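Hi there,

Here is the structure I promised to pass on. Have a look at it first, and then read on for what turned up.

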Amino acid sequence: MTSSLDLYPISENAPDQAVSASGMQLADLTLDAVVSERIGAGDIRISADVLKLQASIAREAGRDRLALNFERAADLVAIPQDLILETYEMLRPGRISEARLLVERAEMLRRDYGAHSIASLIDEAVAVYERRNLFRRRY
């Protein structure tokens with residue numbers, strides 16, 4: 001089996017795997033295609049598969065934290081932006097008064113979107129916020 005490190009950079013060494021969330025090949029993402037409106041906003045979003053491949057490359061290169069961030073990013077691809085922003089706002093210290101709200105959000109992200117890495121991050125935040133007494137509404 002070939003090392004995933006051999007695929008880096010993906011755009012040069014595995015361009016067939018560098019596809020957008022809509023399935024568009026990297027070679028088809030051109031300025032001309034944008035100007036002629038053959039490409040929409042959804043066509044330039046990165047796919048979860050490419051992010052997972054990047055995570056695999058990072059992990060094999062010994063960059064575990066970077067790999068984890070790519071995996072979290074892959075989770076986020078399927079989540080609507082308004083839900084991401086709402087969750088981000090909830091995670092800001094002083095924005096919510098009950099840990100239960102974040103616990104429920106993590107459960108929903110796992111259940112509805114399969115976003116296990118993001119849900120685990122939220123679980124970690126809940127533990128830290130409880131320890132530091134950050135669940136008190138200030139804003």
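A question to start with: is Val35 buried or exposed? Please keep in mind that this is a predicted model. Val35 has a relative accessibility of 63%, and because the cut-off for exposed is over 50%, Val35 counts as exposed. You will find Val35 in helix α2, which covers residues 31-35. Together with Leu31 and Val34, Val35 makes a nonpolar surface patch of about 310 Å².

Helix α4 runs over residues 64-76, 13 residues in all. From its first C-alpha to its last, α4 reaches 19 Å, close to the 18 Å expected. Its buried residues are Ala67, Arg72, Ala74 and Asp75. Seen down the axis of α4, these buried residues fall within an arc of 155 degrees, so they line one face of the helix. They pack against α3 (48-60) and α7 (116-131).

Ile118, Ala119, Ile122, Ala125, Val126 and Tyr129 are buried in α7. Viewed down the axis of α7, its buried residues fall within an arc of 115 degrees, so they too line one face of the helix. What covers them includes α4, α5 (81-91) and α6 (99-113). Just after α7, Asn133 takes a positive phi of about 55 degrees.

Next, the charged pairs. The count comes to 10 salt bridges, and here are some of them:

- Asp32 and Arg38 meet through their side chains, at 3.5 Å from N to O. Arg38 is exposed, with a relative accessible area of 52%.
- Glu86 pairs with Arg105, and their closest N and O atoms are 2.4 Å apart. This pair links distant parts of the chain, with Glu86 in helix α5 and Arg105 in helix α6, 19 residues apart. Glu86 counts as partly exposed at 43% relative accessibility, whereas Arg105 is buried at 11%.
- Arg100 bridges to Glu104, with the closest N and O atoms 3.1 Å apart. Both lie in helix α6, four residues apart, or about one turn of the helix. Arg100 is partly exposed at 41%, and Glu104 is partly exposed at 39%.

There is also a network: salt bridges that share partners join Arg59, Asp64 and Glu71.

Conventions. Residues numbered from 1 in each chain as written. Predicted model: local features only at pLDDT ≥ 70, side-chain atom pairs only at ≥ 80, totals over all residues. Heavy atoms only, no water. Helix = DSSP H or I, 4+ residues; strand = E, 2+ residues; numbered from the N terminus. Expected span 1.5 Å × (residues − 1). Buried < 20%, exposed > 50% of the residue type's maximum accessible area, 1.4 Å probe, protein only. Arc of directions from axis to C-beta. Contact = heavy atoms within 4.5 Å. Patch = residues over 30% accessible without salt bridge, like charges linked within 9 Å, V, L, I, M, F, W, Y side chains within 5 Å. Areas by Shrake-Rupley, 256 points an atom, 1.4 Å probe, with all protein chains shown as cover. Salt bridge = Lys/Arg side-chain N within 4 Å of Asp/Glu carboxyl O.
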